Amino acid sequence: MYNESELLERFRFDRATIFEIVGALTPQLQHVTERNGALSPSQQVLIALRFFASGSFQNSLGDMVNVHRTTACRAIRRVSLALMRIMGRYVRLPTQEEAARMKQDFYFKSGLPGIIGCIDGTHVRIQAPSQDEYLFVNRKGYHSINVQLVCTNDMQIIDLVSKWPGSTHDARILRESALHREFEEGRITGLLLGDSGYPLKRWLMTPVIAPRTPQERRYNFKQASTRSIIERCIGVLKRRFHCLHSEMRMHPERVCVVIAACVVLHNICVEKRMPLPRQVDVLDQPEEVENPVALNQEDISGRLIRNRLITNL
């Protein structure tokens, strides 16, 4: 039996929250029969949480709870799928009332009005897949899934795209996402902050490339310091769930499901104010910006809105 501090270190949650997670997932995890030593929902959740937290190989994980490696693998898969199915409860775009609060939070922090979130991409390392291997090689030369995230000022993740191979540019992932359609069609009001790997749009504020005036440099400084929350959020996510920080030896589709599961758990951690593990270093180095989007791809209305922000600083 673990005490509370040991639970937090090994599973990233306290006892009460683990019981809540088990309760939420039990309808999906409960086996019809107890034959052949079927694992209970609580056993499956603990196996999966330990894997997410440690990133250890699944066979050593199976040894930890005295079950076979293949049984541990199935438990991780079942729990990951169950968490992904309830993702809509925990990872969603804001309502109008929630967006108003987000704008206020960001304004108090940065002085930039209208901001509801920050967007960035991060790479989750995977083993070389057997099919279309070259598509998964990112610009740093290793195999990965390129993951798009949007977070709020309190590091709550409000949008996730985790299906693209590592060679895909951040701008393409955004362009083909449901998030892009929501903003383009006006169903979400507010602004996102992104780095120069994204196109400037009326709802997406990027840095000024080659700033020439003090006001533009001041804007770039405020934009970067505010946007650092998404880099910090990614650092916390990967250090809290170390499987995302190490190489995952799974089929890419299964990796994408694990990523979604970890994002759901991250938001539960934020909601429950779970403390970070002792060894976590949240000041992780941000990833390099992809090739900046060309100036001729900047949206005219986006440029006008950004100029207004610069003028009002």
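# Briefing: helix packing, sheet and cysteines

Helix H10 (residues 214-240) packs against helix H12 (residues 300-312) at an angle of about 100°, and their axes are 9 Å apart. That angle makes H10 roughly perpendicular to H12 (angles of 65 to 115 degrees count as roughly perpendicular, under 35 as roughly parallel, over 145 as roughly antiparallel and the rest as oblique). The model is predicted: local features need pLDDT of at least 70, side-chain atom pairs count only at pLDDT 80 or more, and totals for chains, interfaces and linings use all residues. Residues are numbered from 1 along each chain as its sequence is written, and side-chain values use heavy atoms, with hydrogens and water left out.

**Helix pairs**

- Helices (H or I, at least four residues) and strands (E, at least two) are DSSP runs numbered from the N terminus.
- Axes are lines fitted to C-alpha atoms, for helices over the stretch in contact, and angles run from 0 to 180 degrees between N-to-C directions.
- On the H10 side, Gln 215, Glu 216 and Tyr 219 meet Arg 306, Leu 309 and Ile 310 of H12 (contact means heavy atoms within 4.5 Å).
- The residues of the contact of H10 with H12 comprise three nonpolar, one polar and two charged; Ala, Val, Leu, Ile, Met, Phe, Trp, Tyr, Cys and Pro count as nonpolar, Asp, Glu, Lys and Arg as charged, and the others, Gly among them, as polar.
- Helix H3 (residues 41-54) and helix H5 (residues 69-85) pack at about 90°, with axes 8 Å apart, and are therefore roughly perpendicular to each other.
- H3 contributes Gln 44, Val 45, Ile 47, Ala 48, Phe 51 and Phe 52 to this contact, while H5 contributes Ala 72, Ala 75, Ile 76, Arg 78, Val 79, Ser 80 and Leu 83.
- The contact of H3 with H5 has 10 nonpolar, two polar and one charged residues.

**Sheet**

- An open sheet with mixed pairing is formed by five strands in the order E3-E2-E1-E4-E5 (two strands pair if DSSP finds at least two bridges between them).
- Strand E3 (157-165) and strand E5 (204-205) are the edge strands, each pairing on one side only.
- H10 packs on the sheet and touches E1, strand E2 (144-151), E3, E4 and E5; the direction of H10 makes about 50° with that of E1.
- Strand E1 (residues 115-125) and strand E4 (residues 191-193) run parallel and are joined by three bridges.
- Along this pairing, Ile 115 stands opposite Leu 191, and Gly 117 has Leu 192 as its bridge partner.
- E1 pairs with E2 in the antiparallel sense over eight bridges, where Val 150 of E2 is the bridge partner of Ile 119.
- In E1, 10 of the 11 residues are buried, so the strand is largely enclosed by the rest of the structure (buried means under 20% relative accessible area, exposed over 50% and partly exposed in between, with a 1.4 Å probe and protein chains only).

**Cysteines**

- Zero disulfides are found in a search of the whole structure (a disulfide is a pair of cysteine sulfur atoms within 2.5 Å).
- The closest cysteine sulfur to that of Cys 243 is in Cys 262, at 3.7 Å, too far for a bond.
- Cys 243 is buried, with a relative accessible area of 1%, whereas Cys 73, at 25% relative accessibility, counts as partly exposed.

**Arg 85**

- Arg 85 lies in helix H5 and, at 55% relative accessibility, counts as exposed.
- Arg 85 is 57 residues from Gln 28 in sequence, and the two are 9.5 Å apart in space, C-alpha to C-alpha.
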